[in-house]
Each structure stands twice: as C-alpha cells, then as structure tokens.
Amino acid sequence: MSTRGLIGDLRDRLSSFRTRLRLFFVLIVIVPMVAVTFIVFRLIADSENGQADARVAARQEAVIGLYYDARGAADRLAARLGRDPQLARALRTDDRAAIQRIARARLTTTDARRIVLAHDATTLADVGDPDASFPATRSLVADGTPVADLQVSVETAAAYTRLVARGTRMETIVRRGARTIASTIPNATRATLPQHTGEVTIDGHGYRAASFTAPGFRGERLQVSVLEPTAATDDDIRDGRLVAGLVLFGFFLLALVSAIVVSRSLNRQIEDFLGAARRLGAGDFSAEVDTRGRDQFAQLGEEFNKMSRQLEGRLEELGQERLRMELSLRRIGETFASSLDRDGLLEIVVRTAVDAVDAQGGQALMQTRRGGERLPV
C-alpha cells in the first residue's frame with residue numbers, strides 16, 4: 001500500500017472512532033440506565049403493593065379482634081339472660097306471649113341490640129334491631145331437656161363499621177347474604193367483594209379489600225370486608241418512583257458530563273492525529289503529534305511520530321538515489337559524447353564507482369606489462 005493509502009486509512013479509522021465512542025456510550029450508559037430504571041420502578045411498585053397488602057392484613061386482624069370483642073360481650077349477656085328465672089318459667093310452660101314480653105323487657109334493660117329465642121326451627125321471640133350482628137349463641141336447658149336456643153347481639157352493623165373506621169381508618173362493608181346491611185362507602189350495595197383478598201372498584205374508585213365470614217342469627221352468614229383506597233398506594237408508588245427517578249437522573253447527568261469531558265478530550269487527541277495525518281499526506285513529514293501521558297493514545301502518538309520520521313528518512317534516501325541515478329545517466333551520456341575516449345571513459349567509471357559506494361574520492365592506477373605496455377586497472 002502506498003504512503004497516501006496508509007495515511008488515508010489512518011484518517012478513516014480515526015474518524016470512525018467518534019461513531020464507535022457514541023455507540024459505546026449508548027450501550028454502556030443509556031441502555032443499562034433504561035433497564036435499571038424499569039427494574040427499580042417495578043420493584044418500587046411491588047414493594048408498595050406488598051406493604052399495602054401487609055397493612056390491610058394487619059388491620060384485618062384488628063377488625064377481627066373487634067368482632068371477637070363484640071361477640072364476647074354478647075356471650076356474657078347471653079349467659080346472664082339464660083339464668084333469668086322469669087324467662088326460664090315462660091320457656092318451661094311454652095308461654096310464647098310471656099317469652100316475647102320478657103325478651104322485649106330485657107332488650108330495654110340491658111345492652112342487647114337483638115334477642116332471638118328459637119326451638120326446633122320455630123322462632124319463639126325475635127326482638128330488636130334486625131341489622132344487629134355478631135350474636136353469641138347459648139343453648140338453654142330445663143330439667144336436662146333443651147328448651148330453646150338463645151342468640152344475643154350487643155352490636156349493630158352500622159355501629160361496628162363506625163368503630164372499625166375510628167380504630168383502623170379503614171372502610172368497612174358488612175353483608176348478610178347478598179344484602180349490604182352497613183357500609184362506610186356510599187353506593188357499595190352492588191360491588192362484588194372478594195371472598196378473601198383482592199381489588200375492587202366501587203363508584204369509580206379502586207380499593208384493596210380483605211374479607212372474613214362470621215356466623216349470624218338463625219344460621220345466616222355475615223361477610224365483613226375492610227377496604228383501603230388504592231389511591232394512597234398509588235401516591236406512595238408515584239412518590240417512590242419520583243425519588244428514584246431523580247436519583248437515577250442525577251447518575252445519568254453525572255455519566256453524561258463525564259462522557260462529554262472524556263469525549264472532548266479524546267476528540268482533541270483525534271483532531272491532533274487527523275491534522276498531523278493531513279499534513280503528512282500533503283508532504284509535510286515534519287508533522288508530529290504531541291504525546292502526553294502513558295496511555296494508548298500516547299503510545300499511538302509516539303508510533304505516529306516514529307513513522308513520520310521514518311518516512312522522511314526514506315524519502316531523503318530516495319532523493320539521493322535519484323540524484324545518483326541522474327549523475328550516472330549524465331556520465332554515460334558524456335561518454336558517448338566523448339566518442340569513447342579512453343581517458344574520459346576511465347574518468348566516468350571512477351566517478352560512478354565513487355558515487356556508488358558513497359566515497360569521498362577515487363583514483364585509477366595503470367599496470368605495466370613486461371613489454372613496457374600499460375594496462376588500465
């Protein structure tokens with residue numbers, strides 16, 4: 001390859017370095033930063049959702065504790081009513097009017113919200129708030145024979161939901177079968193609530209819900225659901241992502257500034273190489289690159305300067321060889337012009353020999369044969 005071809009190839013390689021540097025920055029900085037951002041945002045969302053689920057589960061335990069408190073109070077009241085002598089006489093005589101009258105009287109003199117007495121699927125008395133919930137059940141026995149099942153509730157569903165809201169700051173829905181008997185959320189009658197945990201949308205708002213079941217009056221089942229708005233979790237996720245985004249953006253700016261500083265430094269060195277290569281291609285073999293440090297660019301600059309000096313020396317040698325060739329051709333021409341004069345030819349031969357060996361001077365001697373004849377040597 002010619003000198004100009006080598007210089008052109010070097011210039012092309014140095015020019016393409018900028019493109020490779022940009023590609024390197026994209027692959028090493030931008031792509032990993034995008035991947036890390038996606039992973040961090042996903043982890044933040046999973047973490048906040050997990051914390052929200054744990055929070056709802058923890059508060060559900062508190063709600064269940066309030067249920068057991070209400071049922072425990074109802075059980076203590078049921079034990080007292082079961083020892084009532086007037087109620088016992090009315091049950092022995094099966095006086096349903098008296099049973100009904102006594103139940104109503106005890107409803108006003110105790111904390112009971114609803115009292116139900118039944119025997120063999122027959123309701124003997126049912127007084128109080130029909131939405132009272134979480135009853136305690138006692139089996140009443142007279143002379144060793146069951147006479148009635150007593151169910152007593154001291155808590156209404158509405159009062160229970162208000163108590164839950166004050167204690168846990170959670171929304172609460174109590175259902176008996178498919179009917180909503182109490183709710184702290186308006187328009188929640190048609191909402192489909194999960195059996196255990198899940199998410200539900202009520203009146204356009206999202207909630208994270210957890211439910212449990214409890215026994216009700218006369219074999220009915222109650223479903224108690226506690227709900228937390230997902231908007232709070234969404235706000236936490238947004239705030240966490242904002243903080244993470246700011247941190248990642250700071251790292252990205254730091255990487256970008258560092259890349260720009262390094263790129264400009266490398267570009268200056270590349271421009272020095274390109275400028276020297278252009279001068280070298282134009283014939284200025286004295287062009288050299290300033291080498292600083294001990295990195296690969298400095299080593300490349302030293303090799304470039306060494307190549308430049310070698311090219312300059314080679315061109316000087318070629319110039320000297322060309323000059324010698326011109327002198328030799330001129331002397332040959334002079335020989336022919338001198339009509340093959342022996343002395344002139346001898347002089348041309350000596351000069352050619354001196355130039356060929358790069359000597360300072362030369363001399364031709366004559367040898368004499370035995371007959372006195374001189375021969376040139």
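Strand β1 is largely enclosed by the rest of the structure, because 5 of its 6 residues are buried (buried means under 20% relative accessible area, exposed over 50%, and partly exposed in between, with a 1.4 Å probe and protein chains only). Strands here are DSSP runs of E with at least two residues, while helices are runs of H or I with at least four residues, and both are numbered from the N terminus. The model is a predicted one, in which local features need pLDDT of at least 70 and side-chain atom pairs count only at pLDDT 80 or more, whereas totals for chains, interfaces and linings use all residues. Residues are numbered from 1 along each chain as its sequence is written, and side-chain values use heavy atoms, with hydrogens and water left out.

On one hand, β1 pairs with β2 in the antiparallel sense over 6 bridges (two strands pair if DSSP finds at least two bridges between them). Arg114 has Gly128 as its bridge partner in β2. The hairpin of β1 and β2 has 2 residues between the strands, and Asp120 in this hairpin takes a positive phi near 50°. β1 also runs antiparallel to strand β5 (residues 145-153), to which 5 bridges join it. Here Val116 stands opposite Gln151 in β5.

## Salt bridges

Let's turn to charged pairs. Side chains of opposite charge can pair when their charged atoms come close. The structure holds 14 salt bridges (a side-chain nitrogen of Lys or Arg within 4 Å of a carboxyl oxygen of Asp or Glu). Arg114 counts as buried at 6% relative accessibility, while Asp126 is partly exposed, with a relative accessible area of 29%.

Asp131 takes part in a further set of contacts. Its salt bridge with Arg176 has the closest N and O atoms 4.0 Å apart. Arg176 lies in strand β7 (residues 171-176) and Asp131 in the loop between β2 and β3 (132-133), so this pair ties together parts that are 45 residues apart in sequence. Arg176 is buried, with a relative accessible area of 13%, and Asp131 counts as partly exposed at 24% relative accessibility. Asp131 also meets the side chain of Arg179 in a salt bridge (3.3 Å, N to O). That pair spans 48 residues, from the loop between β2 and β3 to strand β8. Arg179 is partly exposed, with a relative accessible area of 44%. Through shared partners, salt bridges join Asp131, Arg176, Arg179 and Glu220 into one network.

## The five-stranded sheet

Strands β7 and β8 also belong to an open sheet of 5 strands, with antiparallel pairing and the order β8-β7-β11-β10-β9. Its edge strands are β8 (179-183) and β9 (197-202), each of which pairs on one side only. Neighbouring strands of this sheet are turned by 35° against each other on average, direction ignored (axes are lines fitted to C-alpha atoms, for helices over the stretch in contact, and angles run from 0 to 180 degrees between N-to-C directions).

## Loops with positive phi

Most residues other than glycine have a negative phi, and most peptide bonds are trans. Asn187 has a positive phi of about 60° although it is not a glycine. Asn187 lies in the loop between β8 and β9 and is exposed, with a relative accessible area of 58%. Asp94 also has a positive phi, near 55°. Asp94 sits in the loop between α2 (85-92) and α3 (96-109) and counts as partly exposed at 45% relative accessibility.

## The chain as a whole

The chain has 7 helices and 13 strands, and buried residues make up 33% of its 377 residues.
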